[in-house]
Amino acid sequence: MHYDEDLLEQLTADHRSVLVHFSELSGVPSGDLQRKDLADLVTDQLVRHTRAEEQHLYPIARDRLADGPAVVERELADHRAVEACWRNSARPTSPRPASTGWSPGWPRR
């Protein structure tokens with residue numbers, strides 16, 4: 001159980017950190033050098049976070065939740081949607097992470 005609790009604590013902390021940086025990013029005007037730095041930071045955080053979810057959390061969820069496979073598939077679909085949005089916008093002006101679960105799933109394996 002300790003591993004599961006540590007994993008959930010780390011993923012929760014990652015969520016909070018990404019949300020803070022998304023909020024900061026949305027307040028920085030286009031063309032500001034800080035915007036690119038924040039966008040790069042958010043991208044790095046999301047990639048790392050998504051890998052952790054896909055490698056560690058989702059296998060546990062599939063096995064332990066009654067509807068685990070369906071839950072995981074919904075989350076992976078959210079990852080794909082956010083990835084597409086992020087790539088198509090080349091760093092969104094007003095990111096809305098809560099609308100799609102906020103975790104992109106790239107790079108795809």
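## Overall fold

Reading along the sequence, you will find the protein chain following the pattern α-α-α. In total it has 3 helices and 0 strands; helices (H or I, at least four residues) and strands (E, at least two) are DSSP runs, numbered from the N terminus.

A word on conventions: this is a predicted model, where local features need pLDDT of at least 70, side-chain atom pairs count only at pLDDT 80 or more, and totals for chains, interfaces and linings use all residues. Residues are numbered from 1 along each chain as its sequence is written, and side-chain values use heavy atoms, with hydrogens and water left out.

## Confidence

The mean pLDDT of the protein chain is 80, and 78% of its residues reach 70 or more; pLDDT is the predictor's confidence in each residue, from 0 to 100. Among the elements, H2 has the highest mean pLDDT (91) and H1 the lowest (86).

Please take some care with residues 91-109, where pLDDT stays under 50. The model has 58 contacts beyond four places in sequence for this stretch, a contact being heavy atoms within 4.5 Å. Where pLDDT is low, the predicted coordinates should not be read in detail.

## Surface and burial

The protein chain exposes about 6700 Å², with carbon and sulfur atoms supplying 55% of it; the areas come from the Shrake-Rupley method with a 1.4 Å probe, and for residues only the protein chains shown count as cover. Of the 109 residues, 35% are buried, where buried means under 20% relative accessible area, exposed over 50%, and partly exposed in between (1.4 Å probe, protein chains only).

Among contacts between residues at least 6 apart in sequence, 65% join residues at least 24 apart.

## The nonpolar core

A nonpolar core is a set of buried Ala, Val, Leu, Ile, Met, Phe, Trp, Tyr and Cys residues joined through side-chain atoms within 4.5 Å. The largest one here has 9 residues: Val18, Phe22, Leu25, Val28, Leu38, Ala39, Val42, Leu46 and Trp86. H1 and H2 are the elements that give two or more residues to this core, and its largest share, 4 residues, comes from H2.

## Two buried residues

Histidine 21 sits in helix H1 (residues 2-26). Its relative accessible area is 15%, so histidine 21 counts as buried. Leaving aside residues up to four places away in sequence, histidine 21 touches Leu38, Leu41, Val42 and Gln45.

Tyrosine 58 belongs to helix H2 (residues 33-64), and with a relative accessible area of 4% tyrosine 58 is buried too. Tyrosine 58 and glycine 68 are 10 residues apart in sequence, and 8.3 Å apart in space from C-alpha to C-alpha.
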